[in-house]
Amino acid sequence: MSPTEFDPRMHQQMGEVLAEIRNLRDAFRQSEIKSDNSRATMHQRMDMLVDRVGKVEGNVAAVQEDISEMRPVTDDVKRWKLMGIGALAVIGIGGMAMGVTFADAIRRIGSIILGR
């Protein structure tokens, strides 16, 4: 057999090898395309997360500023509440003393009128 002559089986095997190489190349290309798409999607998601985190940080800063503005008002309201409770206590004690005095005055008037 001369080197220029090929066995038909050898031809068939070479064709199969070439077809398998083409299949592998196509599969590799498709895998690369899928990987590129996956990476692009991942980068888009990361960009979206960065945007969302930036917005959250801005909102947190605004809320903290609002809270720092509200704190003095809240402290004033608490102070007013304590002052109101104290005033109610004083008024209650005064009212009770006045009630006792008024009741005692009515009892004396009643005893004078009834003559006891």
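Analyst: Let's start with a term: a salt bridge is a side-chain nitrogen of Lys or Arg within 4 Å of a carboxyl oxygen of Asp or Glu. This is a predicted model, where local features need pLDDT of at least 70, side-chain atom pairs count only at pLDDT 80 or more, and totals for chains, interfaces and linings use all residues. Residues are numbered from 1 along each chain as its sequence is written, and side-chain values use heavy atoms, with hydrogens and water left out.

User: OK, how many salt bridges does the structure hold?
Analyst: Six salt bridges. In general, side chains of opposite charge can pair when their charged atoms come close.

User: Which side chain meets R29 in a salt bridge?
Analyst: That's D26, with 3.6 Å from N to O. Both sit in helix 1, which covers residues 8-114, and they are three residues apart, about one turn of the helix. Helices here are DSSP runs (H or I, at least four residues; strands are E, at least two), numbered from the N terminus.

User: What about R79, which residue does its side chain meet?
Analyst: R79 forms a salt bridge with D76, at 3.3 Å from N to O. They are three residues apart in helix 1, so about one helical turn separates them. R79 is partly exposed at 43%, and D76 counts as partly exposed at 30%.

User: And where do D104 and R107 lie?
Analyst: Both lie in helix 1, three residues apart, about one turn of the helix. Salt bridges that share partners join D104, R107 and R108 into one network. The D104 and R107 side chains meet at 2.4 Å, N to O. D104 is partly exposed at 22%, while R107 is exposed at 57%.

User: Switching topic: which residues make the nonpolar surface patch?
Analyst: V73, V77, W80 and M83, giving about 430 Å². Patches take residues with over 30% relative accessible area and no salt bridge, joining like charges within 9 Å and nonpolar side chains (Val, Leu, Ile, Met, Phe, Trp, Tyr) within 5 Å. Accessible areas come from the Shrake-Rupley method with a 1.4 Å probe, and for residues only the protein chains shown count as cover.

User: Where is V77 found?
Analyst: In helix 1. V77 counts as partly exposed, at 44% relative accessibility.

Note on methods
Buried < 20%, exposed > 50% of the residue type's maximum accessible area, 1.4 Å probe, protein only.
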